[in-house]
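Trainee: I should like to learn how to read a structure of this kind. Could you guide me through it?

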Amino acid sequence: MTKDLIITKINEFLVEEFEVESGKIVPDANMRETLDLDSLDYVDLVVVIESNFGFKVVGEDFINIHTFQDFYDYCYQKVSQKDAA
Amino acid sequence: MGIWSCLGDNLEAVKKSLYEGKSGIVLDPQRKDWGYRSCLTGKVSTPQLKGVIDRRARIQLSEEAEYAYLSTLEALKNARMEQDWIDKNEVGILFGNDSSAKAVMEAIDIVRAKKDTTLIGSGSIFQSMNCTVTMNLSTIFKLKGINFTVSAACASGSHSIGMAYLMIKWGLQNHIICGGAQEINPYAFGSFDGLSAFSIRQDDPTKASRPFDRDRDGLVPSGGSATVILEDYESAVKRGAPILAEIIGYGFSSNGEHISNSSADGQVRSLEMALKDASIGAGEIDYINAHATSTPGGDKAEAIAIDQVFNGSKPLVSSTKSMTGHECWMAGASEIVYSTLMMQNDFVAPNINFENPDEASAKLNITAKAVDKKINTFLSNSFGFGGTNSTLIIKNNTHLQK
């Protein structure tokens, strides 16, 4: 899966599942603040990642994800590892 | 009051259905694939809440909590109880609900397939608990008063109103949102269908629910939500609220007998307690909204109980379940809404499909047609598995007008 496709899918599910305006999703924006995520929302983020990309996020991984770009990079890395396996 | 039922999505539509004797029963072919003995069910509109309430609130709502949100929205509007006012006052909630099977089953299906509880998602726990309605609505409407769910099988909705009545009567609360909600999906009714309790008159769905009729063969499951808002008189007047009626009596009892069979003796005790609490005689009841669900044994027991308590006065009797089917946890509340609509509009709704009485129902004054009649006081029965009985007596608002 290309990185562009991953970014497109992420943006689509964030708009659909988290009801954020697409214009607010910019790479350098803070993801938690933009999506107004609380602890319950992170559970739903795990669910949509699993259903879209087939891997399970462990909670600690979110510690290093601040911006949307961090999130894109993280998902791309995980999907690539999965595809290579 | 507010309503979301198979007779309509609002009070006006439901009033029309009640007067016209319109059935809300359909055949759901999907149930055949599920192994149901009967595919008959009440059919309610599917709520569309995306864009109406925010995502966090919405994903926590079970099916019955969605219905309850909508019936409560209508009730609050009609009661002229706006959010600004709620924010400054202690408003409670007591709702009847006794299952949330769909939410539970969907969560279990995910765990079985994925072997991972995190993948259930965050909304499920708040959908799955019996108190799904009260926990969600108290959060959405930011309520600060009493907050719990009444689980009493098919008397849940009635007892919730009875509990709210007592809390207000005893001065513990001034304003309580109460009612009953019932999910209506195949997960919810499989075990009930398994008891062969449902009508199998599937060739003619609108004729299947026929309480008190000699040829009844079982109930038809149904659902939705009904909300009534109770207030103490002084608060309602001070607030300028439209006062629809007064609850003047609440009776209850437990049969202390079989888990699923009805008991006329237990029901008589509930009826007599309600009349005593209301300080009125049986002759002052103009209309009885019977619990009668269309089962052979249950209707017979209720007919015997009503005849024993009302022998001589013969008030008009009908079971609106002939049109709605059995709304189970919701029924005790919805039937207060239906009967209050009748009282406001001077008619008694028909017990449709009542064509031939049996020996017990022949002793009652059951009407198969809508009757134009002024109702001063009505009585509503609700009975449930485990032998729980609840009776409410409601008086019209003419004595309360200023």
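This is a predicted model: local features need pLDDT of at least 70, side-chain atom pairs count only at pLDDT 80 or more; totals for chains, interfaces and linings use all residues.

Trainee: How many helices and strands does chain A have?

Mentor: Helices (H or I, at least four residues) and strands (E, at least two) are DSSP runs, numbered from the N terminus. Chain A has 4 helices and 0 strands, in the order α-α-α-α along the sequence. Its radius of gyration is 12 Å, close to the 12 Å that the globule rule gives for 85 residues, so chain A is as compact as a globular protein of that length. That radius is taken over C-alpha atoms, and the rule is 2.2 Å times the number of residues to the power 0.38.

Trainee: What share of the residues of chain A count as buried?

Mentor: A residue is buried if 20 or more other C-beta atoms lie within 10 Å of its own, exposed if 12 or fewer, and partly exposed in between, with C-beta atoms placed from the backbone. Of the 85 residues of chain A, 15% count as buried.

Trainee: How many helices and strands does chain B have?

Mentor: Chain B has 15 helices and 15 strands, and 57% of its 402 residues count as buried. A compact globule with 402 residues would have a radius of gyration near 21 Å, and chain B agrees, with 20 Å. Its C-alpha atoms fill a box of roughly 65 × 55 × 40 Å along the principal axes.

Trainee: Into which domains is chain B divided?

Mentor: Domain bounds come from an automatic or database domain assignment. Here they give domain 1 (2-239) and domain 2 (245-396), whose centres, taken over C-alpha atoms, are separated by 21 Å. Two residues are in contact if their C-beta atoms, placed from the backbone, lie within 7 Å. On that basis 59 residues of domain 1 of chain B are in contact with 57 residues of domain 2 of chain B. H9(B) gives the most to the domain 1 side, with 9 residues. That side divides into 25 nonpolar, 25 polar and 9 charged residues. Ala, Val, Leu, Ile, Met, Phe, Trp, Tyr, Cys and Pro count as nonpolar, Asp, Glu, Lys and Arg as charged, and the others, Gly among them, as polar.

Trainee: Is H9(B) mostly covered or uncovered?

Mentor: H9(B) is mostly covered, as 12 of its 14 residues are buried; among them are B:His159, B:Met163 and B:Tyr165. The expected span of a helix is 1.5 Å times one less than its number of residues. Helix H9 (residues 156-169) of chain B should therefore span 20 Å, and its end C-alpha atoms are 20 Å apart, which agrees. B:Gly171, whose phi is positive, near 80 degrees, follows H9(B).

Trainee: Which residues have the most contacts inside the largest nonpolar core?

Mentor: In soluble globular proteins, nonpolar side chains tend to be buried together. A nonpolar core is a set of buried Ala, Val, Leu, Ile, Met, Phe, Trp, Tyr and Cys residues joined through C-beta atoms within 7 Å. The largest has 98 residues, and those with the most contacts inside it are B:Leu94, B:Ala164, B:Ile176, B:Cys178, B:Val228, B:Leu230 and B:Val337. Helix H15 (residues 331-345) of chain B gives the most to this core, with 8 residues. The core draws at least three residues from each of domain 1 (2-239) and domain 2 (245-396) of chain B. Beyond its neighbours within four places in sequence, B:Cys178 is in contact with residues including B:Leu94, B:Phe95 and B:Ser160. A second, separate core of 13 residues includes A:Met31, A:Leu45, A:Val47 and A:Val79.

Trainee: How many residues does the contact take from chain A and from chain B?

Mentor: The contact takes 10 residues from chain A and 6 residues from chain B. Helix H3 (residues 39-53) of chain A supplies the largest share of the chain A side, 7 residues. That side divides into 5 nonpolar, no polar and 5 charged residues.

Trainee: Where is A:Glu50 placed?

Mentor: A:Glu50 lies in helix H3 of chain A. A:Glu50 counts as partly exposed because it has 16 C-beta neighbours inside 10 Å. Leaving aside neighbours within four places in sequence, A:Glu50 is in contact with A:Phe55, A:Lys56 and B:Leu119.

Technical notes: Residues are numbered from 1 along each chain as its sequence is written. Chains are lettered from A and ligands numbered from 1 in the order in which they are written.
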